[in-house]
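Here is a short briefing to read alongside the model. Please have the sequence and the 3D view open as you go.

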Amino acid sequence: MIIIKEGRVIDPKSGTDTVTDLAIDHGKIVKLGPNLAKEAQASPHCPGYRLIHARGLVVAPGLIDVHVHFRDPGLTYKEDIQTGAKAAAKGGFTTVVCMANTKPPVDNVDTLEYVLAEGRKTGIHVLSAAAVTIGMKGEALTDMERLKAHGAVGFTDDGIPLKDAALAKRAMEEAFRLHVPISLHEEDPAFIINNGINQGAISRQLDIGGSPALAEDSMVARDCMLALHTKAAVNIQHISSANSVQMVGLAKKLGANIWAEATPHHFSLDECAVAQHGTLAKMNPPLRTAKDREAIIRGLEENIIDLIATDHAPHSAEEKSLPLAQAPSGIIGLETALALAITNLVKPGRLSLPQLIKKMSLNPARLYHLEKGTLSPGADADLVLFDPEESWTVGTFASKSSNSPFIGKPLQGKVKYTICSGKIIYQDC
């Protein structure tokens, strides 16, 4: 048994936001209320327990990241499922959804079952999406029904857009039939000269063609309408454009079951970061203008953007040391996500802590139909305890990779404990 004493318990599902105690036993939350430690001490039937003094800490449902790349199988020099899970735990995440663009991709049962089996060896819940198309080639759909039966929680060709609109529609119809979400990477390569860098002032300064917002906007517009007509749960991944935010808002008003995720780097940085950090600020879709960044924050405020997801994308130092146009896109994000959100959203007053936790726990659980994201008695004991006031400087990582533009940056909000299935899997010593 674990008793967490005098923490600020925030449960976005019940609306709870109060200082109280919380008791955990046999992997479940068993009770919330004052003086639970005293009750346990007075009870002759209570076994030994661990007491966590949480005064000054927030106690929240374990964070859920619906968009991570653990590079396993095939690219484990960047990350593997074990190291990815350690990075997640250090960041306060108890559940992650792995993307399908491994080598080989998760377009078959054998690869899917490998990922899930390796995930069960970690201390967190490692789930996996499967590929929408065979070989992620955008030509023929995978056997989505069979993949779901073997544990796929959703479908995505993340990293590659579905260029064929008719194929995208059929995929959405199948996802709707199977009652699972489909997540879409929205970048039309027809408009892109060099990916990873916004086409704008910085790309002109660097003499790189770049990727215009139009590449995203055109596909988001199409898929919002396909979502409306198919009724599928469609998640627009790593939204980066002000126009795309508005289109998602319109689609929601029209009745589409459309969701959108924002990454911490897209609400924390703009295209100017490329001039400062080079390849460490290169990602797909790229960091765009200050206006786009503001629109993303406003979309989070207005609940147009439902989720905060990291798009944790490890790369080796050798890869990121290549010239800007040749280096791969992507940054790691699991270990800095919560602090970036507190620093750039909560402290400036753009989101409250309960609103933030909803976007990082309850809403991801709802999208993937998970019985998580709550601290109600009887719920799984997946929790994060963090100090929203503690300052720290980004430095070493549990991830195998360290491709982050935030190294050396002071942030507020420090994870102190991560508890998954009732077990402490991370503690800040």
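**Sheet, loop and surface**

Five strands, or 5 strands in the order E9-E10-E11-E12-E13, make up an open sheet with parallel pairing; two strands pair if DSSP finds at least two bridges between them. Its edge strands, E9 (155-156) and E13 (307-308), each pair on one side only. Strands (E, at least two residues) and helices (H or I, at least four) are DSSP runs, numbered from the N terminus.

This is a predicted model, where local features need pLDDT of at least 70, side-chain atom pairs count only at pLDDT 80 or more, and totals for chains, interfaces and linings use all residues. Residues are numbered from 1 along each chain as its sequence is written, and side-chain values use heavy atoms, leaving out hydrogens and water.

*Inside the sheet*
- Strands E11 (residues 234-236) and E12 (residues 258-262) run parallel and are joined by 3 bridges.
- Asn235 has Trp259 in E12 as its bridge partner.

*Around His69*
- His69 sits in the loop between strand E6 (63-68) and helix H2 (81-90).
- His69 counts as buried because its relative accessibility is 6% (buried is under 20%, exposed over 50%, partly exposed in between; 1.4 Å probe, protein chains only).
- Beyond its neighbours within four places in sequence, His69 is in contact with residues including Met99, Asp158 and His312 (contact means heavy atoms within 4.5 Å).

*Around Met225*
- Met225 belongs to helix H7 (residues 213-230).
- Met225 has 32% relative accessibility and therefore counts as partly exposed.
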